[in-house]
Amino acid sequence: MNVAELVGRTLAELGVGAAFGVVGSGNFEATNGLRSGGVRFVAARHEGGAASMADAYARMSGRVSVLSVHQGCGLTNALTGITEAAKSRTPMIVLAGDTAASSVLSNFRVDQDALAAAIGAVPERVHGARTAVADTVRAYRTAVQQRRTVLLNLPLDVQVQEAPEAVRIPKVPGPAPVRPDAEAVAKLADFLVEARRPVFIAGRGARASATPLKALAEVSGALLATSAVAHGLFHDDPFSIGIAGGFSSPSAADLIKDADLVIGWGCALNMWTTRHGTLLGPDARLVQVDVDQAALGAHRPIELGVVGDVTSTAVDVRAELDRRGHHAQRQRTGTRWNDVPYNDLSGGGRIDPRTLSRRLDEILPAERVVSIDSGNFTGYPSAYLSVPDENGFCFTQAFQSIGLGLGTAIGAALARPDRLPVLGVGDGGFHMAVSELETAVRLQIPLVVIVYNDAAYGAEIHHFGDADMTTVRFPDTDIAAIGRGFGCAGVTVRSVEDLGAVKEWLDGPRDAPLVVDAKIADDGGSWWLAEAFRH
């Protein structure tokens, strides 16, 4: 066995989930090492798509994923997807071939460590046969315990070295709980006792903490909201008001603005979640709970910052309120976008994106995993397509790049094969990533691809005023036919009646993806993006 195979086998024994990538000479043997260790490998058509697949798989499965790429161009092809993962603190290993230190004139030579550092990933390296296992374990430990995306460089000259025999692979535990100190717990309990209209906003760091947060909200009288990435966390709770921020319904926004105490639980409280601060009342106290002290107050001034994990903090504060005998009341309220009246813009061969989204929410099975690309359309599937829990929504938008959605949907589908995978994507993002339709067809993923097609880059069309839009408008393409060309089922939707074809597909074998080419009406600029551009 050589070092390349040993590294792959070591990652397998450490417990990584699936691996994704495009195989070239520089990562061929390491990828086979993963496979021989029992790790599923999914061959993508482009490294960028593979990166998004690996990112989504890790988010939805709770396991470290692997992205396997060739040196140089294989890595640079994947950089946007890796940047998204790094910004989102996705525990992911990027296993990349690298040129030998002596190959200074290699076509493939780039400073891969510097690339990783530049995008917020952690650069690591396999230095030689003697340290190969320790180097690999170190990379895995960083990914798991620090919740980081790690680039593990594997130089070609090191790959071919003979591997040592019988190296023991240690067990690597997940991140340890971070218990808040008693003073911070007491102070947060004081705030909750004094509050009359508290609101919790749970973020990425709270995705595993629904139960303790709901228990604390029950005794403290708090309403429950999430950031976009934690959408679905409180799906079944009658006091949930949905997503906080640009995607908030009007009634949910009013409730948050009226709050006298807002607590961000594992939530950055950034400009998107707070609508540049306009979603927060002028007299509202602001609190953050996070394991990372540097995150506290990073986006907005706060009155109290608590260093602790969400579960431990919620449990301790609940115990303190119980000790004091505090139990507040709260009032239920309807806040669903699907219940908000609107002027239907459908007609002339175009369907209103709200009408499309609402009807699809009724048609599609409730057990679904919804993935979202970026663009002017993004708010519609995010707001109108309900999800069963936080593992039913995959929102790869930390870098806000279009084109990540199709890879995201494939990775989420493989992580949650028990649910119908659904993708909301614009025509721009669809065309950008269209090669991965073949991957979905080859894997026989029953993916519903909803293309919100306005034949343009919608954000620029709607929010750049009277400028010349020649560069961001395109001829209308038959996206349903493109889907059929890849082996998908394809349907063009211009009215609600056309959605009957979606029901027919659902009643069939679902052995190939369905591409829904929805010709959407001009919305004059989506509400959530208009809010962003105003600031």
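## A parallel sheet

Strand S4 (residues 92–98) and strand S6 (residues 149–155) run parallel and are joined by seven bridges, strands being DSSP runs of E with at least two residues, numbered from the N terminus, and Leu-95 stands opposite Leu-152 in S6. This is a predicted model, in which local features need pLDDT of at least 70 and side-chain atom pairs count only at pLDDT 80 or more, while totals for chains, interfaces and linings use all residues. Residues are numbered from 1 along each chain as its sequence is written, and side-chain values use heavy atoms, with hydrogens and water left out.

An open sheet of six strands has the order S2-S1-S3-S4-S6-S5 with parallel pairing, where two strands pair if DSSP finds at least two bridges between them. Its edge strands, each pairing on one side only, are strand S2 (41–43) and strand S5 (122–125).

## Nonpolar cores

The largest nonpolar core has 49 residues, and Phe-20, Leu-67, Phe-430 and Val-449 have the most contacts inside it; such a core is a set of buried Ala, Val, Leu, Ile, Met, Phe, Trp, Tyr and Cys residues joined through side-chain atoms within 4.5 Å, and buried means under 20% relative accessible area with a 1.4 Å probe, protein chains only. A second, separate core of 35 residues includes Ile-372, Trp-505, Ala-518 and Ile-520.

## A charge over a ring

The charged end of Arg-285 sits over the ring of Phe-191, 4.0 Å from its centre, a placement that requires NZ of Lys or CZ of Arg within 6 Å of the ring centre and within 35 degrees of the ring normal.

Key. Buried < 20%, exposed > 50% of the residue type's maximum accessible area, 1.4 Å probe, protein only. Helix = DSSP H or I, 4+ residues; strand = E, 2+ residues; numbered from the N terminus.
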